[in-house]
Number of protein chains: 2
Amino acid sequence: MMNKELPACPVETTLLLISNKWKVLILRDLMEKTMRYNELKASIGSISQKVLTSNLRAMEADGLLIRTVYPEVPPRVEYTLSEQGRSLKPILDAMWNWGIDYQKQNNK
Amino acid sequence: MMNKELPACPVETTLLLISNKWKVLILRDLMEKTMRYNELKASIGSISQKVLTSNLRAMEADGLLIRTVYPEVPPRVEYTLSEQGRSLKPILDAMWNWGIDYQKQNNK
DNA sequence: CTGTATCCTCCTGGATACTG
DNA sequence: CAGTATCCAGGAGGATACAG
């Protein structure tokens, strides 16, 4: 995400970075702790390798997370949020809280 | 959005309701004031009629907004947030604030 | 003005096989 | 383990025409 013509509206700017469901779920998981590739895949559940990898790479390019490769055998790759990624926590928290309320109202 | 098997994670529940960009933009606009169809269309800008209508109908079915038809000629249709829709404000605010910060950092 | 109805294109994302 | 490479299906979404 280069600094080229950001939308005038801040909400749209935010949507550019996390407009898709997968990125939000990745953020949710990494907000808790650093995770390995397969750990992340298992946690999200129904995501394919291709989609997980492409989202992780995009988020890395956007500066939301940091990818660290440990040259071991078998290889180990850890994903952790950058400061900018962690700064999204208020959004995730707001989504969490709203979800809680929604569940209370609609789930019996 | 029926009360059928909501996800265990509240964040996922929230994503079920507002996982797409268009819905977020509609919420952003209606958070300010009640709006008419064409007003909304013009405000969002690059959305087609079909997509705008389908999202509005989905959000109405989910109880996020209220659609009021005034039997006039020409017809007038107003969209306003329900209480549940308005309760999403903290999420929109968090997105707004994050977008502001992001713009400051990346837009010179 | 506020839609509905079609057609069509593109992209997201799943499934599978293979690799360092 | 952590991917890459391919192929393919489904749905999101645009364009256009038409209607009440």
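1. Which residues come nearest to DNA strand C? In this predicted model, 19 residues lie around DNA strand C, and A:Lys50, A:Val51, B:Arg57, B:Arg67 and B:Tyr79 come nearest. Both chain A and chain B are therefore represented in that group, where a residue counts as near if one of its heavy atoms lies within 4 Å. Of the atoms of DNA strand C that come within 4 Å of the protein, sugar and phosphate account for 61%.

2. Individual polar pairs show which parts of DNA strand C are approached. The elements giving two or more residues to the surface near DNA strand C are helix 4 (49–61) of chain A and, from chain B, helix 3 (37–44), helix 4 (49–61) and strand 3 (76–81).

3. Helix 4 of chain B gives the most to the surface near DNA strand C, namely 4 residues. Sorted by class, this surface has 8 nonpolar, 6 polar and 5 charged residues.

4. DNA strand D has 20 residues around it, and those that come nearest are A:Arg57, A:Arg67, A:Tyr79, B:Lys50 and B:Val51. Sugar and phosphate make up 61% of the atoms of DNA strand D that come within 4 Å of the protein.

5. Polar pairs can be listed for DNA strand D as well. An N or O atom in the side chain of B:Lys50 is 2.5 Å from a base oxygen. A backbone N or O atom of A:Asn38 lies 3.0 Å from a phosphate oxygen, while a polar backbone atom of A:Pro75 is 3.3 Å from a sugar or linking oxygen. Helix 3 (37–44), helix 4 and strand 3 of chain A, together with helix 4 of chain B, are the elements that give two or more residues to the surface near DNA strand D.

6. Helix 4 of chain A gives the most to the surface near DNA strand D, with 4 residues. The classes on this surface are 8 nonpolar, 6 polar and 6 charged residues.

7. Strands of a sheet pair through backbone hydrogen bonds, either parallel or antiparallel. In chain A, 3 strands form an open sheet in the order 1-3-2, with antiparallel pairing. Strand 1 (35–36) and strand 2 (65–70) are the edge strands, each pairing on one side only. Strand 1 is joined to strand 3 (residues 76–81) by 2 bridges, and the bridge partner of A:Met35 in strand 3 is A:Tyr79.

8. Two helices of chain A pack on this sheet. Helix 2 (residues 21–32) touches strand 1, strand 2 and strand 3, and its direction makes about 95 degrees with that of strand 3. Helix 4 touches strand 2 and strand 3, and its direction makes about 115 degrees with that of strand 2.

9. In chain B, strand 2 (residues 65–70) and strand 3 run antiparallel and are joined by 6 bridges. A hairpin of 5 residues joins these two strands. B:Arg67 stands opposite B:Tyr79 in strand 3 of chain B, and both residues are among those that come nearest to DNA strand C.

Conventions
Residues numbered from 1 in each chain as written. Chains lettered and ligands numbered in written order. Predicted model: local features only at pLDDT ≥ 70, side-chain atom pairs only at ≥ 80, totals over all residues. Heavy atoms only, no water. Nonpolar A, V, L, I, M, F, W, Y, C, P; charged D, E, K, R; others polar. Pairing = 2+ DSSP bridges. Contact = heavy atoms within 4.5 Å. Axes fitted to C-alpha atoms, helices over the stretch in contact; angles between N-to-C directions. Polar contact = N/O pair within 3.5 Å; in protein donor to acceptor, adjacent residues only side chain to side chain.
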